[in-house]
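Okay, thanks for coming, everyone. Let me put the structure up, and then I'll walk you through a few parts of it.

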Amino acid sequence: MKGILGKDRHRARPLFDVSDIIDLEYFLCRDKQTLLEEGESCLVKRDREIFLRELGSLEDEEETLKRPFIIKGWLEAMRKSVADNTSSGVLPSRIWKEFYTSFSWLALFLGIALGASLAFSLLSYQGKTPVNVFVFLVGVVFSQMALILFALVFYVGRSLLGGEIRGSLLISFVRRLFMNGLRRAIEASSPLDGLGDKGVLACLLDALGQASYRKVFIWPFFILLQLFGVGFNIGSLGATLAKVAGSDLAFGWQSTLQIGPEMVHRIVEILALPWSWLLGEGVGYPTLTQVEGTRMILKEGIYHLATKDLVSWWPFLCLSILFYGLIPRLMLFLWAKYRLRVELENLDLGERRFLELYRRLTMPIVETCSSQREEEGREESCDLHKEDEKEVAIRGPVEQGHFDEIGGSGLSRESQGERIILLVPQELMELFDPVVFTEVAKEAGFEPEALIPFDEGYPAAQEQWGQGLKEKLSGHTGEKVKIVILQEAWQPPLEEFFVFLKEMKELLADVRPHLVIFLVGRPSDEKGFDPADTHDIEVWTNKIGRLSYPDISVTGVNQS
């Protein structure tokens, strides 16, 4: 696998493309539903088996280097499992590809049709009034130049000011139109496991709309607009050439403004600079004499104008479409393809859901069974099995919390290299000694370096404890920080708690901690808490999940 890694470092294409992102988020959304329905153990077993079977040779590679390849390998394994199951439906990536390809051809042919229609209408000549070259340039060339210039100024200006490029209103309109059509196409297709469930589909579409993907998904729709622009110029250029070749056209110019032939010729010379080195005056653009000979004066008509002058404008008009319309659109198309590749190469796989997947893939499975006290007081022991078949020792039952099983995705013992702060509501601090809370956290897999009580009103940004927390974590922006917030699961989250989370994120924006809502049951005695009810954990998970915060997770101690 090292050889493959070495080859992929110099790959011609990014490791992930748009269709990979779509399928990856689909499988993660499906896993989220499985987690709620069946628990994490089945996901851990499945993912670990995939790693050992397909990706085990990556184990010795550096973590930051191997993580993308491991996740990509997992994605391919999941796709293969779908392909092997003949009863499965169509992957969302396939629907995306087919729908995007159809949209691309539609944009191209629609542009050709519109460009040809506009050119034919502007080149209408009945033998009395020549085609006004100014009207043609404004309708076909200058309008495109203005749109392109506006887009470039908008992009450069936002980039210099450090703003986020979210796209124009036109791109947003195309994106919304496309995504609505994609949603209907997915709903109409043969659904995969869970994809027919509106909850999973909504999860997938919400995931694709996250801020982390915004810079990726803006470019496919920008490319669609450029395809439309390319088609528009091909249509207008083709229609102009066809009209010139198939009919007798006459071109002229006129203006209410007091401008002479010399000024018009000078403007034409400037516009012809891109091709004047190859097609000079008299070939690529009209001479001063020809410009003078095509000036239309309303009361004099056109019968005094020479035919050789009236037909001298068409090469200039065609070259203007080519150099100011078609070529810039092709350049923008290629640039957008390049920017899409750059964003895909810089795809961030360090968010929590990817780290959770990576943990399940790479962490050895440890199976435990809880000890039970029989009425006679006899103690039973449990066998412990590990992947390498070595025996390991674990602690006995947790006396303080009476927890039989640790569940939820955030309770693994992966805290090495992290700074963990435990926050406990003030009202609970009055019930137990602080040691009880730290022991409960430790038994759940957290090793807090500090315990900080906070007031039940959640005044995060104003109270002294909030500022003290910020000072404690200041200067540690390079370290991983996890803030564990202990909550009683039987009490559903209120609006004040959501405000508290928002203030916490704003207060510690420079630290960017991972917030873990750690749920426990009711206080049972002076030594701990009852386990949290599974239904209560699901209620918290659903409500916190609606916030769409990628760095907040919910976990708890389940009832056995």
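So, start with helix α20, residues 534–545, which lies across β5, β6 and β9. Against β9, helix α20 runs at about 180°. And keep in mind while you look that this is a predicted model.

Now, what are those strands part of? They belong to an open sheet of 5 strands, and if you read across, the order is β4-β3-β5-β6-β9. The pairing is parallel. At the edges you've got β4, residues 450–454, and β9, residues 552–556, each pairing on one side only. From one strand to the next, the twist averages 25°.

Zoom in on β9 and its partner β6, which covers residues 514–520. These two pair in the parallel sense, over 5 bridges.

Okay, on to some helix packing. Two packed helices are described by the angle between their axes and the distance between the axes. Take α3, residues 41–55, and α15, residues 352–362: the angle is about 70°, and the axes are 7 Å apart. Angles of 65 to 115 degrees count as roughly perpendicular, so α3 and α15 are roughly perpendicular to each other. Their crossing is right-handed. Who makes the contact? From α3 it's Leu-43, Val-44, Arg-46, Asp-47, Arg-48 and Phe-51, and from α15 it's Leu-357, Arg-360, Leu-361 and Thr-362. By class, that's 5 nonpolar, 1 polar and 4 charged.

Helix α15 has another partner here, α2, residues 18–38: these axes come within 12 Å and cross at roughly 75°. So α2 is roughly perpendicular to α15. On the α2 side you'll find Leu-24, Glu-25, Leu-28 and Asp-31, and they meet Arg-353, Phe-354, Leu-357 and Arg-360 of α15. This contact splits into 4 nonpolar and 4 charged residues, with no polar ones.

Last stop: Trp-335, in helix α14, which spans residues 314–345. How accessible is Trp-335? The relative accessibility comes out at 28%, so Trp-335 counts as partly exposed. Setting aside neighbours within four places in sequence, Trp-335 is in contact with Tyr-155, Trp-219 and Phe-222. There's also Ile-223, which sits 112 residues away from Trp-335 along the chain, yet their C-alpha atoms are separated by 9.1 Å.

That's my tour. Over to you for questions.

How values were computed:
Residues are numbered from 1 along each chain as its sequence is written. This is a predicted model: local features need pLDDT of at least 70, side-chain atom pairs count only at pLDDT 80 or more; totals for chains, interfaces and linings use all residues. Side-chain values use heavy atoms; hydrogens and water are left out. Two strands pair if DSSP finds at least two bridges between them. Helices (H or I, at least four residues) and strands (E, at least two) are DSSP runs, numbered from the N terminus. Axes are lines fitted to C-alpha atoms, for helices over the stretch in contact, and angles run from 0 to 180 degrees between N-to-C directions. Contact means heavy atoms within 4.5 Å. Angles under 35 degrees count as roughly parallel, over 145 as roughly antiparallel, 65 to 115 as roughly perpendicular and the rest as oblique. A crossing is left-handed if the near helix is turned anticlockwise from the far one by less than a right angle, and right-handed if clockwise. Ala, Val, Leu, Ile, Met, Phe, Trp, Tyr, Cys and Pro count as nonpolar, Asp, Glu, Lys and Arg as charged, and the others, Gly among them, as polar. Buried means under 20% relative accessible area, exposed over 50%, partly exposed in between (1.4 Å probe, protein chains only).
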